[in-house]
Structure formats: C-alpha cells, structure tokens
Amino acid sequence: MPLPRSLSVTSLPGMEEWDEDFDLEDAVLFEIAWEVANKVGGIYTVIQTKARLTAEEWGENYFLVGPYVESNVRTQVELIEPTNPVLKRTIDQMNSSGCKLYFGRWLIEGSPYVILIDVAYTAWSLDSWKSELWEHCSIGVPWFDREANDAVLFGFLTAWFLGEYAAQSDEPPHVVAHFHEWLAGLGLVLTRQRQLPVATIFTTHATLLGRYLCAGNVDFYNNLAQFNLDKEAGDRQIYHRYCIERAAAHCAHVFTTVSKITAIEAEHLLKRKPDIVTPNGLNVKKFSAVHEFQNLHAMNKNRIQEFVRGHFYGHLDFNLDKCLFLFIAGRYEFSNKGADLFLEALARLNYLLRVNNSDVTVIAFFIMPARTNNFNVETLKGQAVRKQLWDTAQTVKERFGKKLYESLLVGQLPDVAKMLDKEDFTIMKRAIFATQRQSQPPVCTHNMLEDSSDPILNCVRRIGLFNSSSDRVKIIFHPEFLSSTSPLLPMDYEDFVRGCHLGVFPSYYEPWGYTPAECTVMGIPSVSTNLSGFGCFMEEHIADPSAYGIYILDRRFRGVDESCNQLTSFLFQFCKQSRRQRIIQRNRTERLSDLLDWRYLGRYYVAARHMALAKAFPDTFFYETHEPTSTSGFRYPRPASVPPSPALSRHSSPHHSEAEDNEDDDERYDEDLEAEKDRVNIRQPYNYPFKNKVAATQATNSVRDSYINDKSDRSSELSSELSSDKWSDKGSDKGSDKGSDKGSDKGSDKGSDKGSDKGSDKGSDKGSDSGFDKGSDREE
C-alpha cells in the first residue's frame, strides 16, 4: 500500500512555478557536515556526488565545512590560500584567536572549496562551551560521550566561523548555511541563538530515535504516535543527542529530510513537519554504447565466478551457467538492514527450489563489515587450489599444442590417443586429487572475533544452510568491504554489483537507501521495501515497479511472516526467469537511472535554499511555495510488453525448453520505441544559473554528451533537436510542461488502463525485447 501523498511531494515535476532567475550574486553558501572529506556513512556519498552540481550553481561562493582529519586531508584535499578576501580575513582572525582552520579544494568531481576545522586544537574550551550550552540552551552533554563532545566543539567553532564571516564582511552578507545531521546541528542552534544574519537549513538523513527504536525490534511505524520520546531517548542514553537534533530541526528556517517515510517519522519524533523532501541522487554515468552496461555485467560476473570456483572447490557440483548471484550490503545492522528477513527467505527459497527440482543454484553474498581476525585459511586455500588447477591446465595445453604443431609440420594428422602421454595424465591426476576436501565449503570468508554471538552466523546455524551439495541456495558471508586489492575477492564494490543478478535490501529502517539506488543506475534489479525512502520514491513514480526490476516488499502493513513469504515469492519468480527475461529486465532497470540523477533531484536542494533565503531575508528575496496539483506528479507507465515474469509468460507449460527462448525472433517489439516512451516521462534537467562560463560550458557539454550517447542510433533526429532551443531555459520549461502534463495524464492513463490488457496480449505474443539482440549472447 503506497504512502498517502503529502504536501512535501517528491514528484519530479512537482515544482513547476519556482523562480529560476533567483539572484544569487551576493549570496554565499556554506554546507556543513561531519562527513565533508571524512567518509563515515551515507551522508559522505550525498555531499560528494552533489558537490559538482552545487558548485556549478554557486561558483566561487560555495564552501563545504567539515572536520580536519589529517589522514583524509593527505589523500583527498589540496590545501591552498583562500581567494575570497572576506573568507581569508575570517580564517586569519580565527587562527590568531586560538583556532586552527584549513582551506583547500576537495579532490572530487567539481573540486569544491573546503574549510576544515581542527576540533582537537580547541579541546581546551570544551568545558566552558558545555557550560554555555547548558546556560543558553538547557542541553547537557555527559563527559563520556566522545562523539557528542566532538559535536559540541564542531558546533561552537562553526557558529564562531559564521559570526566572524558576517563581522568581516563590508556589507551585510546573504549567507545560507546548510547543516546535515545532528553532529553538525549544534552549530545551527547557536547561530540562531546568537541571531546571526544567516539563512539556515537542517537536513536529517535519519532520526536518532528512529534508528535506535527499530534496532530494538519494536513495531515502529505503526506506533509512531504512541512513543514517550523523552523516556525512550533516556533509556538508550542518547537524550542529549536527541535534544541537539530536535533543537536543530525547530531552529532552522527550512527543515528537510530525504524521503516521505522519514518525513512522517520526523513529524512524530522531532515534532516538526519537514518543509520539503530532498531525495538523494547520484551522478549517473552514461555509456557511449547503449548496452555497454550489459557487457560490464558479463565481464564482472566472470570474475565472481572465478571466486566461486575456488570457494567451492571439491563441491562444485552445480552448473555455474545456471547460477544466480544475489547480495546484500551495508552497515552491519542485522534487523534494520533486513539481513534477518533475507536469511529466512533464503531458507524457504532453498526448499522451493529443491521440491521443484530446479537446476538453478543461488549464491547469496552478505557484504557487511564486522570484527574479524583476518581471512579464513580454508577460503584462501580454495583460491590457491583454483589457481593451481588453472596453471596445470595451461601447462598441459602448451604441451598438447606443441605436439599438435609438430605433427602438422610433417604433414600428418595427429593421433589424438598419443597427444597426451603418461606424464600429462599424472600431472592432471595430481591436480584432481588436490581438489578433494572432507569439509563443507565455509560460510564465512574470515575468522570472526565473536563467532558464537554473530547474528548472521547464528541465523545460518538455525536455518541449516551450510553449503551442502543438496542445497540449491549457498551462502557466503564476507565481513569486510570489498576492495580491488583484496587477495581473496579482488573487486571494487561497483564492479561486484555489476556482476551480480539481484540486490536484496529488505530493510526495516532505511531513510533513503543508496544500495538499491546504485543497483538501479548500474542496470541491476533490486528488492527494496515500502519502509525505505527509495522504495516509496519508486512506488510513487512507477506504475509497475516489478516490471522495471524494482521489487517493493511490504513491511509496513504485513507481519514478519507475510513479508518473508512475499520476499520468497519475489526470489522464486526471479529464479524462474529465462536468460532473455533477465536481459530485458536489466534494460528496463537501467532506463530508470535518469530518475536518480542529481540533474533532476538537485532541484529540491535548490528550492530549499531559495526558501531559506526568502525566510531569512524577506526584504531582498521572495519565494512563493506552490501546492502540487492532481496532475503535478508523473508515473512511469507499464512497459509496452508484458513484464518479464514467468507467471505471465507466453508458455503454457511451466517447464518449457531453453530452445523455446529462441522462437519468434522476427516478432520482437522495438526496445528503442519502449525506451522513448519512458523518456517522455522525464522532464529536462534544470539549467542552473551558473556563476562562471567555464562551469556552464562543461555542464552543458556533459548533458549534451549524455543525451547524444543515449540516442546514438538516431543521429538525424538528434541533429534537429540540438539545433533547437532545447538547451535554453525556455526549452527546459517547455520540456517540463510536456513531460509532466502530457506524460502524467497520457502516460498514466494509457500505461495503467491499456498497458495491463493490451500489454499482456501484445507481450504474450511478441514478448521478447530487442534488448536481447543488443545485449548480446555474451551477457549471461
């Protein structure tokens, strides 16, 4: 059941009337977060990926503020002298007053300016600042909470910096300060308490109480109004943190959060309804070849298969060509991230595959960092055995090739029986004997420090999935983040995701959900829930998410057992798909990537900043909010063909042969035509009022190149479009109106009313996409 549409609507065309000519010439933006050039969690990804677009909009007037961490600065930041005279005077004044501030460029896309504050340098002020915090804000921070102590130091230094900047300015400045999460929130509270001339924004990416309550196995979302907030925060010893977070939310001119589900949560737990929802985006990379992502899938899948060959040596009694790779990744929050539900569903899936005599094998990877004592010896041995077998095969191949070559040189056909001598057979037999093992392949790739109490391992022991030969579902727990330098599985996370078939993220608490979003932009189907921001966002914008490879699990209005059965059904249906159906689904999934591009989602941050300026400086700035109309949103219609599900397949028999997949090759519908229908529902990216021509040129070329690559096979059509005013503000507005008004009414009605009947008939007869043609046989 989708969430009700709120005033903080996240529909992409939901802001048709905003003032795109907002004058930012004399305005300055400071974006403040603990994760600026300091990777701790998902906020780092938000700030890093959004920086380029924000720098294009604000130019030299955009600055990121974060903590100074020497190890990170060495590899990520180029320290330079400030070019802004007011900023230089501010930093010099603070450094002469006992602080330590650094200025430089963050070496990421967009190269934004960063101001890094060394909180340890002013730790001597901690007690006096805590006293001031209690005196003015009635917030007490205990001495033993080191993280909260850092937040106090960072907050006071940030407020000091903003006040000093205002004092050093020749004219009253128009400053926007955007604070992320409670760790930076204290600076906002002090800024308002000191009545500084600053427009403030506070974004919560996840509420403190929400995260703690969900980890405590309570029915959180259905009892939001019943919690005694002060008691719950006190029982969990986070009352002081909760006070800082709640104060920041109430003091901000504009309060935002990342999803509608978190907006509902914030309204109950922080007692303020967010002014606007700002969904998280990504920098979507478009390939020059339309189906390049399919080739990347095939290439990286082969690398995962090599690891699997070594991990299961001696027990490789399943067909790797009919093996599906599923994975879950993220922080090790067993219940919040849905690892408990995933494991239970895998046990039920194993039973279904066995009783149905399926020849499909599922390997489920758990990529969640935990405390370990290095690699498992048996796991490393497996990779060594695999390499030894490969070397043996290469040696025999060279000997065989040399004999074949010599036989052909003398003009004789080779006697195959004499090609391999006893020595060759001896080498091969020794290699085969080396692959024998008495134990089962290990579930965990590392030695766990707390093996007996580890939640995943205890659950595996309970459900009995020990990678035995009779199991159709195998489990590999990799309690460490992936890296291309690993001696075990030398792959970066992005490459690993591209090589898998399905990402499974049945989270109970997930304010946004970057992991399924990353799967989507890489063309990999995923399972999400209606309790995650990503899942709610996709439910709102796609008429039939599962047809596009986005499976939305209901965890709000169902019990745990019902949700587990639904997840099992999703996984079982996915296992029944043919290779062609998986290619079709990946093509559709990849087409949704535009929905998650900062070029589209960045407009909500722009609106939040404009709103804050208008509230803080009403004499200079004006911003009128508009309620969304009934037609302001849009929904991707159902695909032109039947969704790639065996339940709706054209085959009358559930056990059709693989040869049937190659029938009706001449009756495929046009994949490009379907993709074009989907693109109608995406409005053109917002053209930012760039601060410098270089940034404007680069950004326009970037968008133009992306557009060209996306339509490489339509050169004649493209030339006419590029020669028009498509890249002007007028073209953007025109594209939006067409995409939202036409696309929403026509696309939704046609997609939902006709797509179900007509799509089923048409898809049943012609059901295979041309994506199979262009994805090539190399894909699987």
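How many helices and strands does the protein chain have? The protein chain has 27 helices and 17 strands, where helices (H or I, at least four residues) and strands (E, at least two) are DSSP runs numbered from the N terminus. This is a predicted model, in which local features need pLDDT of at least 70 and side-chain atom pairs count only at pLDDT 80 or more, while totals for chains, interfaces and linings use all residues. Residues are numbered from 1 along each chain as its sequence is written, and side-chain values use heavy atoms, with hydrogens and water left out.

**The chain as a whole**

- Of the 780 residues in the protein chain, 58% are buried, where buried means under 20% relative accessible area, exposed means over 50%, and partly exposed lies in between (1.4 Å probe, protein chains only).
- The accessible surface of the protein chain comes to about 32,700 Å², and 50% of that surface belongs to carbon and sulfur atoms; accessible areas come from the Shrake-Rupley method with a 1.4 Å probe, and for residues only the protein chains shown count as cover.
- Among the contacts in the protein chain with a separation of 6 or more, 77% are between residues 24 or more positions apart, a contact being heavy atoms within 4.5 Å.

- Nine strands form an open sheet with mixed pairing, in the order 3-4-5-2-1-6-7-8-9, and two strands pair if DSSP finds at least two bridges between them.
- The edges are taken by strand 3 (77-79) and strand 9 (276-277), each of which has a single partner strand, so one side of each is left without a neighbour in the sheet.
- Strand 2 (residues 62-67) and strand 5 (residues 113-117) run parallel and are joined by five bridges, with Val 65 standing opposite Ile 115 in strand 5.
- Helix 3 (residues 85-95) packs on the sheet, where it touches strand 1 (27-32), strand 2, strand 4 (101-106) and strand 5, and its direction makes about 140° with that of strand 4; axes are lines fitted to C-alpha atoms, for helices over the stretch in contact, and angles run from 0 to 180 degrees between N-to-C directions.
- In the loop between strand 4 and strand 5 lies Ser 111, a residue other than glycine whose phi has a positive value near 45°, and Ser 111 is partly exposed at a relative accessible area of 28%.

**Helix 4 and helix 5**

- The axes of helix 4 (126-137) and helix 5 (146-168) come within 10 Å and cross at roughly 80°.
- That angle makes helix 4 roughly perpendicular to helix 5, on a scale where angles under 35 degrees count as roughly parallel, over 145 as roughly antiparallel, 65 to 115 as roughly perpendicular and the rest as oblique.
- Helix 4 contributes Leu 126, Trp 129, Lys 130, Glu 132 and Leu 133 to the contact, and helix 5 contributes Asn 149, Val 152, Leu 153, Phe 156, Leu 157 and Trp 160.
- By class, the contact of helix 4 with helix 5 has eight nonpolar, one polar and two charged residues, where Ala, Val, Leu, Ile, Met, Phe, Trp, Tyr, Cys and Pro count as nonpolar, Asp, Glu, Lys and Arg as charged, and the others, Gly among them, as polar.
- Ser 138, in the loop between these two helices, also has a positive phi, near 60°, and counts as exposed at 53% relative accessibility.

- Helix 11 (residues 292-311) and helix 13 (residues 377-409) have axes that come within 7 Å and cross at roughly 110°, which makes helix 11 roughly perpendicular to helix 13.
- In this contact Glu 306, Phe 307, Arg 309, Gly 310 and His 311 of helix 11 meet Thr 379, Gly 382, Gln 383 and Arg 386 of helix 13, and these residues divide into one nonpolar, five polar and three charged.
- Leu 320, in the loop between helix 11 and strand 10 (323-329), counts as buried at 9% relative accessibility, and leaving aside neighbours within four places in sequence, Leu 320 is in contact with Gln 305, Val 308 and Arg 309.

- Eight of the eight residues of helix 18 (residues 514-521) are buried, so helix 18 is largely enclosed by the rest of the structure.
- Just after helix 18, Gly 523 takes a positive phi of about 80°.
- Thr 45, in helix 1 (residues 42-58), counts as buried at 18% relative accessibility and touches Leu 282 and Tyr 514, not counting residues up to four places away in sequence; Tyr 514 is one of the buried residues of helix 18.
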